[in-house]
Amino acid sequence: MLNPRHWPKRTHIVGLSFLAVFICYIDRVNISVAIIPMAADLGWGMQQQGLVLSSFFVGYVLLQVVGGRLADRYGGKAVLGMGVILWSLFTILTPPAAALGFTLLILTRIAMGMGEAVTFPAIYSTFSKWVPLAERSRAVGFINSAIPLGTIFALVTTPIVVQIWGWQWAFYSFGATGIVWFFFWQRMVTSTPQQHAGVTEEELALIVDRSAAVTDSEKPAVPWHHFLKSMPVWAIVVAHFCNNWSLFVLLSWMPTYINKGLGVDYASVGLLAIIPSIGSVFFLNIAGNLADRLIKNGMAVGKVRKLMQTIGFGGLTSALLIVGHLDTVWMAIATMTVGSALGAFVTGGFAVNHMDVAPRHAGTLMGITNTAGAVPGIIGVFVTGLILEVTGSWVIVFSLAGGVTLFGLIFYLAFSSGKKLFD
């Protein structure tokens, strides 16, 4: 078996980026389970829980574009490394903040969101320099599969940690993992392949020839005005917003839906909540490989992106419009699992489209679209709490998410492009 030390160095970049996203989502999702005993201990209602869950996304919005621009200009290594250290610190500080007061907790969650905000912009900036075009969909699919995998880990382990040691340790233990990751990131990663002493001439030629990598001397100005006028850019922005509406609502409220909406006891919540995420893990990688294979076999990049987006948003919309009307646990979980599996196909659609249209500004563009994608974390998560407090209706929650997703599909099909539009 080939020694990992002899693997292409871009596999180290992708692998450690996967772990960063994995840790990111453990630290993000654990509160969606821990908030049930937290709310019981601290006397929070649904609206207050919504504020706690959504406050993270306020910080997440603030540093998206800044993080992407810094990564494009100074390198993704430093930006992502600093982000992981910051969010890990504020994860650890969540329990003492909650003990000291609700306002301090909100500020701590905002600060944690600011740390996590740079994750995807920094990774996209790094990938645009390290990963050849023919490997990008599978690379993005692989790191995105860390989202449901981290979600699964958090949903399974958080109830165990809470029941044995208390909800506070869900934050202490998970926050510490980012510190360990940082050590390996610093030792094994550079922002560009040209800076890495271990890259072979063959690998460097493959990357530079096929990925339009940006060297240190090439710092092109960001075409902000042209971004704002470009409908293909707006197609990615809208798709990102609509995708994340359902993603963040489900990440934040799925345990509560299973516990309160479907009547499942707390000890079993995590095990049921992971089932849709398991489907996503597999199909994100399947979809990424399929998209790359279609491009390699000659299908136009733009057609591949629209095909994958149609499967992803079409499947997810159908599941969301159905699930709220189901009253049995296993039918609801099965429907969400199918929807999540099909929804994973967007990894070959809008999710990688940034590197098609603007490879030299991929981090900045990801920051722009992920800013739009973070807004549903504030609005969608909080509005869900309000809807549930006022109406108690999960049908309204899921139908709204389905309608948002359907709009995103229509807009993306009308205006997206697979061509390089910015240099």
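**Note on buried residues, cores, rings and enclosed spaces**

1. Trp-87 counts as buried, with a relative accessibility of 0% (buried means under 20% relative accessible area, exposed over 50%, and partly exposed in between, with a 1.4 Å probe and protein chains only). The model is a predicted one, in which local features need pLDDT of at least 70 and side-chain atom pairs count only at pLDDT 80 or more, while totals for chains, interfaces and linings use all residues. Residues are numbered from 1 along each chain as its sequence is written, and side-chain values use heavy atoms, with hydrogens and water left out.

2. Trp-87 belongs to helix α4, which covers residues 76-92 (helices, H or I with at least four residues, are DSSP runs numbered from the N terminus). Its contacts, leaving aside residues up to four places away in sequence, are Ala-20, Ile-23, Cys-24, Asp-27, Met-112, Gly-115, Glu-116 and Thr-119 (contact means heavy atoms within 4.5 Å). Phe-345 is 258 residues from Trp-87 along the chain, and the C-alpha atoms of the two are separated by 29 Å.

3. The largest nonpolar core has 120 residues, and those with the most contacts inside it are Tyr-25, Phe-120, Phe-127, Tyr-257 and Ile-258 (such a core is a set of buried Ala, Val, Leu, Ile, Met, Phe, Trp, Tyr and Cys residues joined through side-chain atoms within 4.5 Å). Helix α1, residues 9-42, gives the most to this core, namely 19 residues. Tyr-257 touches Leu-262, Val-323, Ala-332, Trp-394 and Phe-398, where residues up to four places away in sequence are not counted. A second core of seven residues is separate, and Ala-287, Ile-295, Val-301 and Met-308 are among its members.

4. A search of the whole structure finds 19 aromatic pairs (rings of Phe, Tyr and Trp, the last by its six-membered ring, pair if their centres lie within 6.5 Å; planes under 30 degrees apart count as stacked, over 60 as edge-to-face and the rest as tilted). One of them is the edge-to-face pair of Phe-57 and Tyr-60, with 6.3 Å from centre to centre and 90 degrees between the planes. These two residues are separated by about one helical turn, because they stand three residues apart in helix α2, residues 46-62. Phe-57 and Tyr-60 are both buried. Elsewhere, Phe-22, Phe-153 and Phe-174 form one aromatic cluster.

5. What lies over the face of Tyr-25? Arg-28 does, at 4.2 Å from the ring centre (a charge sits over a ring if NZ of Lys or CZ of Arg is within 6 Å of the ring centre and within 35 degrees of the ring normal). The charged end of Arg-28 also sits over the ring of Tyr-60, 4.6 Å from its centre.

6. Asn-370 is found in helix α17 and is buried, at a relative accessible area of 2%.

7. The structure holds three cavities of 30 Å³ or more, and about 650 Å³ of space lies in the largest cavity (on a 1 Å grid over the protein atoms alone, a cavity is a set of points where a 1.4 Å probe fits but cannot get out, and a pocket is an open set with protein on both sides within 12 Å along at least five of seven lines; lining residues have an atom within 4 Å of a point). Of the 36 residues lining this largest cavity, Ile-147, Pro-148, Asn-243, Leu-247 and Ser-280 are the closest to its centre. Helix α12 gives the largest share of that lining, nine residues.

8. The largest pocket holds about 190 Å³ of space (a volume is the space filled by probe spheres set on the grid points, which are joined across faces, edges and corners). Its lining is made up of Arg-10, Thr-11, Val-14, Gly-15, Val-131, Glu-135, Arg-138, Ala-139 and Phe-142. The elements that give two or more residues to this lining are α1 and α8, the latter spanning 136-165, and the largest share, four residues, comes from α1.

9. Val-346 has its place in the loop between α15 (329-343) and α16 (350-357), and Val-346 is buried, with a relative accessible area of 7%. Apart from residues up to four places away in sequence, Val-346 touches Asn-243, Met-308, Gln-309, Gly-312, Phe-313 and Ala-351. Val-346 and Ala-332 are 14 residues apart in sequence, and 22 Å apart in space from C-alpha to C-alpha.

10. Is Gln-186, by its relative accessible area, buried or partly exposed? Gln-186 is partly exposed, at 35%, and is found in helix α9, residues 169-188. Lys-77 is 109 residues from Gln-186 along the chain, while the C-alpha atoms of these two residues are separated by 7.7 Å.
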